[in-house]
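Subject: Structure handover

Hi,

Here is the structure I promised to pass on. Have a look at it first, and then read my notes below.

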Amino acid sequence: MVFSIVATACGNGGGTSGSGGSVSVGIVLPTKDEPRWVQDEQRFKDALAGTDYTTEILFSQGSSAKEKENVETLLNKGIKILIICPQDGDAAAAAVEAAKKDGVTVIAYDRLITNTDAVDYYVTFDSLAVGAAQGQYLIDNAKASGQPLYLYAGAATDNNAFLFFQGAWEVLQPKIADGTFKIANSSEAEKLKDTKDLSRDQMSSIIGQVTTNWDPNEAKNKAQTHLTAAAADMKGDVSILAPNDGTARSIADVFGSDSEVTSYVITGQDAEQASIQYIIDGKQSMTVFKDVRTLVKDAMGMAVEVLDGKTPETTGSYNNGSVDVKAKQTDVIVVDKENLQKELIDSDYYKAEDFKGL
C-alpha cells in the first residue's frame, strides 16, 4: 500500500535519559508536558532493556530549533539510529538530513517528516483508520435523521490532523449528504457536504474553521462559541467529532453544561486515563486506543534489526512529498464502556484501581 502525505507536525516538550558515553539509539520526542510522551519515554527505555544497546531520550519542548539541537547532541554521542517524532514535519527535515550525512538510520516515529529523502523508515498508527473509527461510531450511535453534527479537528500544522479528519469525513460524508446529520458549526463543511474525496485545500478550509490546535482551552472556547451561536434545531441530541481525548473532555464539559443539549455522542483518541474515567462516568462516548506499547516495540524492534545488520519488516509506504518512506503500521482499537475492561484493564495497560466506578 502507498499512502500519500503532504505536511506534518508533532507536539512540544523536554527531558533526557541515557548514558554520557557512546549511544546506540537516539530518541527525540516532542514534549514532556503531555502524558502520552512521558509514557513513551519509559516504554522506550523498557524496550531496550536486556539488549547490548544504549539509548538517550531528549524532548523538544515544542521548538523545532530545540529539536535540531537535540539531534546534534545525539549525533555528537555517536548514535547509529535516530528515532524522532517531529515538532514540525517540514522543519525537521534539516535535522534528519544532518543525521543522514553522518550515516545514521532515521526512523520517523508516529508523525512523518516531510519533503526530504533523509527518512529511512516510518512507524505509525493508521491515522485514516483512527478517523474512520470515530466517524463510524457517530453513525452507529445517531438517534434520528437530521441530527446536528459538530466537527472539530487537530492542528492545521499537523499532517496527522488532516489524516484523522479525512478518515472521519469519508465515512461521515454519505450520511451528511443523505440528511442523517446536519453540519452545525462549519459553513465550509456545509458547502462541501456532497464531496466525499476532499482535496488538501478543501480540508484546510474546513479545518481552519474547526481547529482546536490540540489545545483543550482552545477547544473549550470554540465549543462555547459554537453553542452560543447555535439555533434550537442544532441542539437536542447531538453528535460531536472531537479529534483527541484532551479536546474531547473540554468539549464534552461545554456540551454537558448546556441545558438545551439533551444528549451527546463524542469521540476521542489516545485512551488517556482521564478520558477513560469520563467514559466510565458517561461524559465521553469512546476513544480510539492506540497501544503505544506496540508502537514503541515496533520502533525499537526496527532499530535493533538495523543495528544487527538486518532489514526491518514493513507493511506499506507513505509519500512524504519527496520519497516513498517504508512504513510499519500498528492497529487501533475502538474503546467504549462496553469493552474498556477487556482492552485496557485485562491487557494491563491500566490498573482497575486507577478508576472510580469501574
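You'll find T31 in the loop between β2 (25-29) and α1 (35-48). T31 counts as buried because its relative accessibility is 0% (buried is under 20% relative accessible area, exposed over 50%, partly exposed in between, with a 1.4 Å probe and protein chains only).

Before going on, some housekeeping. This is a predicted model, where local features need pLDDT of at least 70 and side-chain atom pairs count only at pLDDT 80 or more, while totals for chains, interfaces and linings use all residues. Residues are numbered from 1 along each chain as its sequence is written, and side-chain values use heavy atoms, with hydrogens and water left out. Helices (H or I, at least four residues) and strands (E, at least two) are DSSP runs, numbered from the N terminus.

Another loop residue is D158, between β7 (147-151) and α5 (159-177). D158 is buried, with a relative accessible area of 1%, and its side chain makes a polar contact with the side chain of R111 at 2.9 Å. The C-alpha atoms of D158 and G89 are 7.8 Å apart, although 69 residues separate the two along the chain.

Now for strand β5 (residues 105-109): 5 of its 5 residues are buried, so it is largely enclosed by the rest of the structure. T105, I107 and Y109 point one way, V106 and A108 the other. Strand β4 (residues 81-84) runs parallel to β5, joined by 4 bridges (strands pair if DSSP finds at least two bridges between them). I107 in β5 is the bridge partner of I83. On the other pairing, β5 and β6 (residues 121-125) are parallel over 3 bridges, and I107 stands opposite Y121.

Last, helix α9 (residues 245-256). How many of its 12 residues are buried? The count is 10, so α9 is largely enclosed by the rest of the structure. Among the buried ones are D245, R249 and F255. The elements covering them include β7, α8 (216-229) and β10 (261-266), with contact meaning heavy atoms within 4.5 Å.

Cheers

Technical notes:
A polar contact is a pair of N or O atoms within 3.5 Å; within protein, one must be able to donate a hydrogen and the other to accept it, and residues adjacent in sequence count only if both atoms are side-chain atoms.
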